Structures are given as structure tokens and as C-alpha cells.
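Hello,

I am passing a protein structure on to you, and I hope you enjoy looking through it. Below it you will find my notes on what turned up.

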Amino acid sequence: MVKSPVKNKINLVFIPVSDVEKAKQWYAKILGIQDGEVHFGHLFAAGMDEGSGMILDTMPMWRDENGKLPTLNVPAIQFGTEDVRASYQFMKENGVELVTEIQHGQFFVFKDPDGNMLMVCED
């Protein structure tokens, strides 16, 4: 069997957003992002503390013929926490749209302002 030249490592996740500046502010508040850079006017490379990198992208190349933004309709990206209950309460207090309550004492799903479904799970 030939070994794949593709690494079994996730470098970055891309999250589709309608407005880079608004999304940058929202994610900074919710995830505590302190830094990052905007590239090409449509990408924000967030300064993440650990794990894979995150790009907020207006996805100009991936919009449909009507200019509609694609969204993540399932929780494909998971953020970690040491306290799922405190994280859930924080989201609730900050007006984040919660899709589920805490499930199995481990995780919950929420939406960002563009309707992308994301997950928080206790490490």
C-alpha cells in the first residue's frame, strides 16, 4: 500500500460569514480571540490559543448564483471547554442562539449570527 502524501492533520477550519468585521467582533467576544489578521478583504485568520486554526471567510468564490452564502447546517466544528455548564450559561447570557440544551452532560450546539451550527464540548 502506498503511503498518502496528505497528512492526517487538520490545519484550519473555514467558517462562512456574511461580514468579516461583524463576525470577527462576535467570535472575539464568544471565544476570547485577542488577535488575528484580515487578508484579501474577505478572510479573517483568527489567532487561536491552541489546536487547529480558524478562518472566518465571506466565501465570495463559493456563493451560489444568487450570491447566497453557504452555511454549516450541522455542528461540524467543535470548541472545547473545561466547564460545559459555565460555557452554556455564558452563551445564554450573551444572547447566543442555543440549538440544544446540554446533552449527556457533555456538549451543546449553538448558532453564530450567520446561522452556522457549532458545538461546545467538555474536554
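One term first: two residues are in contact, or touch, when they have heavy atoms within 4.5 Å. Not counting residues up to four places away in sequence, Ser 87 touches Thr 81, Phe 108 and Val 120. Buried means under 20% relative accessible area, so Ser 87, with a relative accessible area of 17%, is buried. Please keep in mind that this is a predicted model.

**The overall picture**

The protein has two helices and eight strands. If you read along the sequence, they follow the pattern β-α-β-β-β-β-α-β-β-β. The C-alpha trace spans about 45 × 40 × 30 Å along its principal axes. There are 123 residues in the protein, and 31% of them count as buried. As for contacts with a separation of 6 or more, 51% of them are accounted for by residues 24 or more positions apart.

In soluble globular proteins, nonpolar side chains tend to be buried together. Here, the largest nonpolar core has 22 residues, and Ile 15, Tyr 27, Met 54, Leu 56 and Phe 110 touch the most other members. Two or more residues of this core come from each of H1, strand E3 (43-46), E4, H2, strand E7 (107-111) and strand E8 (117-122). Which element gives the most to this core? That is H1, with five residues.

Leaving aside residues up to four places away in sequence, Phe 110 touches Trp 26, Phe 79, Met 91, Val 96, Glu 97, Leu 98, Val 99, Asn 116, Met 117, Leu 118, Met 119 and Val 120.

**Two buried loop residues**

Asn 116, one of the residues that Phe 110 touches, lies in the loop between E7 and E8. Is Asn 116 buried or exposed? Its relative accessibility is 0%, so Asn 116 counts as buried. A polar atom of the Asn 116 side chain lies 2.7 Å from the backbone oxygen of Pro 16. Besides Phe 110, the residues that Asn 116 touches are Ile 15, Pro 16, Thr 71, Leu 72 and Lys 111, again not counting residues up to four places away in sequence.

Ile 77 is in the loop between E4 and E5. With a relative accessible area of 10%, Ile 77 is buried too. Ile 77 and Ile 15 are 62 residues apart along the chain, and their C-alpha atoms are separated by 8.9 Å.

**The largest pocket**

Rolling a probe the size of a water molecule over the atoms shows where empty space is left. The largest pocket has a volume of about 750 Å³. Its lining is made up of 27 residues, and those that lie nearest its centre are Leu 31, Met 48, Gln 78, Phe 79 and Gly 80. The elements that give two or more residues to this lining are helix H1 (20-31), strand E4 (53-57), strand E5 (78-81) and helix H2 (84-93). By class, the lining has 14 nonpolar, nine polar and four charged residues.

**Exposed residues**

Most residues other than glycine have a negative phi. Phe 40 has a positive value, near 60 degrees. Phe 40 lies in the loop between strand E2 (36-39) and E3, and at 74% relative accessibility it counts as exposed. His 104 also has a positive phi, of about 55 degrees, although it is not a glycine. You will find His 104 in the loop between strand E6 (97-98) and E7; with a relative accessible area of 73%, His 104 is exposed.

Lastly, have a look at Val 2, in the segment before strand E1 (12-16). Val 2 counts as exposed, at 77% relative accessibility. How far apart in space are Val 2 and Glu 97, C-alpha to C-alpha? They are 46 Å apart, and 95 residues apart in sequence.

Happy exploring, and best wishes

Terms used: Residues are numbered from 1 along each chain as its sequence is written. This is a predicted model: local features need pLDDT of at least 70, side-chain atom pairs count only at pLDDT 80 or more; totals for chains, interfaces and linings use all residues. Side-chain values use heavy atoms; hydrogens and water are left out. On a 1 Å grid over the protein atoms alone, a cavity is a set of points where a 1.4 Å probe fits but cannot get out, and a pocket is an open set with protein on both sides within 12 Å along at least five of seven lines; lining residues have an atom within 4 Å of a point. Grid points are joined across faces, edges and corners, and a volume is the space filled by probe spheres set on the points. Helices (H or I, at least four residues) and strands (E, at least two) are DSSP runs, numbered from the N terminus. Ala, Val, Leu, Ile, Met, Phe, Trp, Tyr, Cys and Pro count as nonpolar, Asp, Glu, Lys and Arg as charged, and the others, Gly among them, as polar. A nonpolar core is a set of buried Ala, Val, Leu, Ile, Met, Phe, Trp, Tyr and Cys residues joined through side-chain atoms within 4.5 Å. Buried means under 20% relative accessible area, exposed over 50%, partly exposed in between (1.4 Å probe, protein chains only). A polar contact is a pair of N or O atoms within 3.5 Å; within protein, one must be able to donate a hydrogen and the other to accept it, and residues adjacent in sequence count only if both atoms are side-chain atoms.
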